[in-house]
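The following note sets out several points for a reader who is new to examining protein models. Please keep the structure in view while reading each point.

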Amino acid sequence: MSTLQRAKCQAKAHPLAMDAVLAAAVLVCMVAGSFVEPRHRDSVSWALRTPDVLSLVLMALGAAALVFRRRAPMTVLALTGTVSVLESVTGDPRAPVAMSAVVALYTVASTTDRPTTWRVGLLTMTVLTGAAMSAGALPWYAQENLAIFAWTGIGATAGDAVRSRRAFVQAIRERAERAERTREEEARRRVAEERLRIARDLHDVVAHHIALVNVQAGVAAHVMDKRPDQAKEALAHVREASRSALNELRATVGLLRQSGDPEAPTEPAPGLDRLDELTGTFRSAGLHVEVARADQGTTLPAAVDLAAYRIIQEALTNVQKHAGPHAKAEVSVVHVGPNIEITVLDDGSGEHESQDSGGGHGLLGMRERVAALRGTLTTGPRYGDGFRVHAILPLKNRTPTGEDPA
């Protein structure tokens with residue numbers, strides 16, 4: 001963090017203390033300015049002078065009021081404007097008490113809206129300049145009177161510019177936050193709608209045929225011994241219903257796939273027993289993969305076995321897609337207590353998908369698989385270069401109802 005940013009943070013954390021420092025600095029400037037005056041109108045030399053005691057008191061009052069400029073900006077402006085008018089009327093020689101009013105006017109302009117700034121700024125400029133020109137000891141055209149007019153205008157303009165910039169930055173920040181929330185909400189809505197659609201399609205496809213298979217299988221079991229002809233007929237209905245269910249399931253899954261995706265496999269669901277075959281395909285594609293396993297003799301439930309295989313498959317796919325052409329991957333499968341731990345590391349320099357940016361669903365799919373098994377998934381960049389995927393899958397079912405989480 002830079003020195004300027006650190007100072008801004010401290011100012012936000014202790015506004016009253018910062019205003020007290022500002023008031024002290026303004027008081028020093030006013031007192032210093034009250035002791036000097038130009039020697040000649042056409043000369044750049046300066047001479048010393050002695051301000052009145054009343055001018056010193058008015059300077060102290062104006063500076064003290066600035067301590068509370070954030071809490072009551074209008075009140076502070078009224079007080080500093082009053083002491084400035086008094087000094088303009090009574091001060092001889094003139095002291096720069098109006099500096100406190102300029103700072104107070106800047107505060108009002110930076111904390112209110114533009115119409116209020118215009119009204120208050122014009123009123124302050126008119127009152128201070130008019131009092132100095134009409135009732136002051138100096139001629140109306142004196143440069144001190146013109147300086148009051150110029151500095152009040154500068155204070156109002158600077159405060160309005162700061163307020164406008166602050167509002168602009170806040171609007172940009174709010175727009176970015178709103179866009180981020182909208183993007184996340186849209187992603188969640190699409191995922192929810194897709195899940196509902198898949199659930200409806202699968203229910204429509206499976207429910208009728210499975211119910212028919214169940215009924216016909218019950219009939220076949222009931223008449224198998226006494227009426228084998230009727231049992232054969234029931235089994236034929238079971239075969240026909242199962243064939244129809246498979247065909248409709250294949251059609252439903254085909255709708256979920258993109259045009260370039262391969263056909264749905266017909267072999268049993270893969271598991272870690274096919275890990276060597278899986279890593280071999282990535283090696284054939286040019287990815288250097290090392291495998292370390294410490295799960296010998298461990299019998300995995302079908303859902304855990306499939307989830308572990310899919311997590312490794314998706315993680316290696318991300319390595320191949322995002323980690324760069326010379327990346328190396330390490331896969332470890334370890335049986336630790338009641339869990340199986342899957343870790344996939346790479347040393348690539350590319351950027352992996354973050355929150356499935358760009359339409360990817362790899363990390364989201366891994367999270368859903370792990371969450372279905374009541375496990376934990378940790379993903380993120382490694383120290384230096386590379387990416388890490390670490391999944392902990394419980395071997396025993398930890399769902400509340402005791403049902404298969406698959």
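1. Asp 19 is buried, with a relative accessible area of 2%. In this predicted model, the residue forms a salt bridge with Arg 69, and the closest N and O atoms are 3.1 Å apart. Is Arg 69 buried or exposed? Arg 69 is buried, at a relative accessible area of 11%. Both values fall under the 20% cut-off, so Asp 19 and Arg 69 count as buried.

2. In general, side chains of opposite charge can pair when their charged atoms come close.

3. How many salt bridges does a search of the whole structure find? The search finds nine. One of them joins Asp 160 and Arg 163, with an N to O distance of 2.9 Å. Both residues lie in helix H7 (residues 143–223), three residues apart, which is about one turn of the helix. Asp 160 is buried, with a relative accessible area of 13%, and Arg 163 also counts as buried, at 17% relative accessibility.

4. Helix H7 holds a further pair, Arg 189 and Glu 186. Their salt bridge has its closest N and O atoms 2.4 Å apart. Because they are three residues apart in helix H7, about one helical turn separates them. Arg 189 is partly exposed, with a relative accessible area of 37%, and Glu 186 is partly exposed as well, at 27%. Elsewhere, salt bridges that share partners join Asp 19, Arg 69 and Arg 70 into one network.

5. Thr 80 deserves a separate look. The residue lies in helix H4 and counts as buried, at 0% relative accessibility. Which residues is Thr 80 in contact with, leaving aside its neighbours within four places in sequence? They are Gly 62, Ala 65, Leu 66, Ser 100, Ala 101 and Ala 104.

6. The chain has 11 helices and seven strands. Five strands form an open sheet in the order E3-E4-E5-E7-E6, with mixed pairing. Strand E3 (288–294) and strand E6 are the edge strands, each pairing on one side only. From one strand to the next, the twist averages 10 degrees. As a general point, strands of a sheet pair through backbone hydrogen bonds, either parallel or antiparallel.

7. Within this sheet, two pairings may be followed in detail. Strand E4 (residues 328–336) and strand E5 (residues 339–346) pair in the antiparallel sense over eight bridges. His 335 stands opposite Ile 340 in E5. Strand E6 (residues 376–381) and strand E7 (residues 387–394) also run antiparallel and are joined by six bridges. Pro 381 stands opposite Phe 387 in E7. The hairpin of E6 and E7 has five residues between the strands, and Gly 384 takes a positive phi near 95 degrees there.

8. Some totals describe the chain as a whole. Of its 406 residues, 31% are buried. The chain exposes about 25300 Å², of which carbon and sulfur atoms supply 60%. Among contacts between residues at least 6 apart in sequence, 63% join residues at least 24 apart.

9. The mean pLDDT of the chain is 77, and 75% of its residues reach 70 or more. Where does the pLDDT stay under 50? One such stretch is residues 354–360, for which the model has eight contacts beyond four places in sequence. Over residues 399–406 the pLDDT is also below 50, and this stretch has 11 contacts in the model beyond near neighbours in sequence. Where pLDDT is low, the predicted coordinates should not be read in detail.

Terms used:
Residues are numbered from 1 along each chain as its sequence is written. This is a predicted model: local features need pLDDT of at least 70, side-chain atom pairs count only at pLDDT 80 or more; totals for chains, interfaces and linings use all residues. Side-chain values use heavy atoms; hydrogens and water are left out. Two strands pair if DSSP finds at least two bridges between them. Helices (H or I, at least four residues) and strands (E, at least two) are DSSP runs, numbered from the N terminus. Axes are lines fitted to C-alpha atoms, for helices over the stretch in contact, and angles run from 0 to 180 degrees between N-to-C directions. pLDDT is the predictor's confidence in each residue, from 0 to 100. Contact means heavy atoms within 4.5 Å. A salt bridge is a side-chain nitrogen of Lys or Arg within 4 Å of a carboxyl oxygen of Asp or Glu. Buried means under 20% relative accessible area, exposed over 50%, partly exposed in between (1.4 Å probe, protein chains only). Accessible areas come from the Shrake-Rupley method with a 1.4 Å probe; for residues, only the protein chains shown count as cover.
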